[in-house]
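Subject: Structure for you to look at

Hello,

Here is the structure for you to look through. Please open it first and then read the notes below it.

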There are 2 protein chains.
Amino acid sequence: MFLTRRFKHCPSCGSPVEYRVPADDNRERATCTACASVHYENPINVVGTLPVWGDQVLLCKRAIEPRYGLWTLPAGFLELGETSAEGARRETDEEAGAQIELQNLYCVLNVVKVGQIHMYYRARLLSDRFDPGPESLEARLFREHEIPWDELAFRTVRETLQRFFEDRRLGREYLLHCADIG
Amino acid sequence: MFLTRRFKHCPSCGSPVEYRVPADDNRERATCTACASVHYENPINVVGTLPVWGDQVLLCKRAIEPRYGLWTLPAGFLELGETSAEGARRETDEEAGAQIELQNLYCVLNVVKVGQIHMYYRARLLSDRFDPGPESLEARLFREHEIPWDELAFRTVRETLQRFFEDRRLGREYLLHCADIG
């Protein structure tokens, strides 16, 4: 798998690593040939929000790669030192400059191929004035029929939007969705 | 924060790293002094299950550090190449040798201090015969009044069990709980 074997050298001492199965383990791990320390590689988390204003949702047009120029919900990598909710709030501020009230965790989407879990919280917009940061070309509201389905940046964004509009159409509660993105 | 600044050398080329804020960023990252590559450190995921058999839940007595000899729900680090549900199932097999039907995602618990998110799925035990692996001294069923509250290995285990018994007592649906463990 392309995600593994990313380490060539030991982050502790700089010596070359070898991928070996440690004695008490069943998977190959980056193991230092000098200091014997073992370095693990694990999936990471992307956190974001689905900000709603009446019958409209907020999307941001990406000003960065990957997917420059495509539309996304505000989201990014969870950082050390913050909760998933704090990360989702921070990304919404950084990418859209949007004022929100964070609501429930709405989607937990496994994207195994890239070693990520994407978590989207629902959010209530407190204003329709935005101030997108340097990672966004634009931040604007879309009604369902206006969503640029062919210009969405990520499959997890499509999945989250589809489920949201379906729940709304069916008058369902906005409860947690879990899904795997193949 | 003790979780950051774990890299001393570049995992790509082995040269020393320095912690610097990259041009397009707002946090210090491990940046190679030779090849200039940037290495990120992010929270990781622990996945597990809350396996139920009638009015009893399954706990495992840890045979490894940390928390040797204390009781835990079956759980462990999510690996690359698997979904959170697959990881939870794998850990339940490895630590308890339990046959389960996996149910809904029940708890998402941020443990910021150690840079982890713990996710517990509810599970229906299909048998009360267990076959704990080398990471467990014992796997057994507990009724609520038998839970060894003072000998639980992790606060997320306590939190998950407390919420489960409370939901059951109140006849509530077992919907998602999100919480932060301080």
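A salt bridge is a side-chain nitrogen of Lys or Arg within 4 Å of a carboxyl oxygen of Asp or Glu. By that rule, the count between chain A and chain B is six. One of these pairs A:E79 with B:R27, whose side chains meet at 3.8 Å, N to O.

Some notes on how to read the values. This is a predicted model, in which local features need pLDDT of at least 70 and side-chain atom pairs count only at pLDDT 80 or more, while totals for chains, interfaces and linings use all residues. Residues are numbered from 1 along each chain as its sequence is written, chains are lettered from A in the order in which they are written, and side-chain values use heavy atoms, with hydrogens and water left out.

Chain A

Chain A has two helices and 11 strands; these are DSSP runs, with helices being H or I of at least four residues and strands E of at least two, numbered from the N terminus. Their order from the N terminus is β-β-β-β-β-β-β-α-β-β-β-α-β. The C-alpha trace of chain A spans about 60 × 35 × 30 Å along its principal axes.

Helix α2 (residues 155-169) of chain A holds A:R163. Leaving aside residues up to four places away in sequence, A:R163 touches A:Y106, A:C107, A:H177 and A:A179, where contact means heavy atoms within 4.5 Å. A:H177 lies 14 residues from A:R163 along the chain, and their C-alpha atoms are 8.0 Å apart.

The interface

Each chain puts 40 residues into the contact between chain A and chain B. Together they bury about 3,400 Å², 60% of it on carbon and sulfur atoms; buried area is the accessible area (1.4 Å probe) that two parts lose on being put together, summed over both.

The second largest pocket

A pocket is found on a 1 Å grid over the protein atoms alone, as an open set of points where a 1.4 Å probe fits, with protein on both sides within 12 Å along at least five of seven lines; lining residues have an atom within 4 Å of a point. Which residues lie nearest the centre of the second largest pocket? They are A:L105, A:L175, A:L176, B:L175 and B:L176, out of 14 lining residues. Strands β8 (100-111) and β11 (177-180) of both chain A and chain B each supply at least two residues of this lining.

Regards
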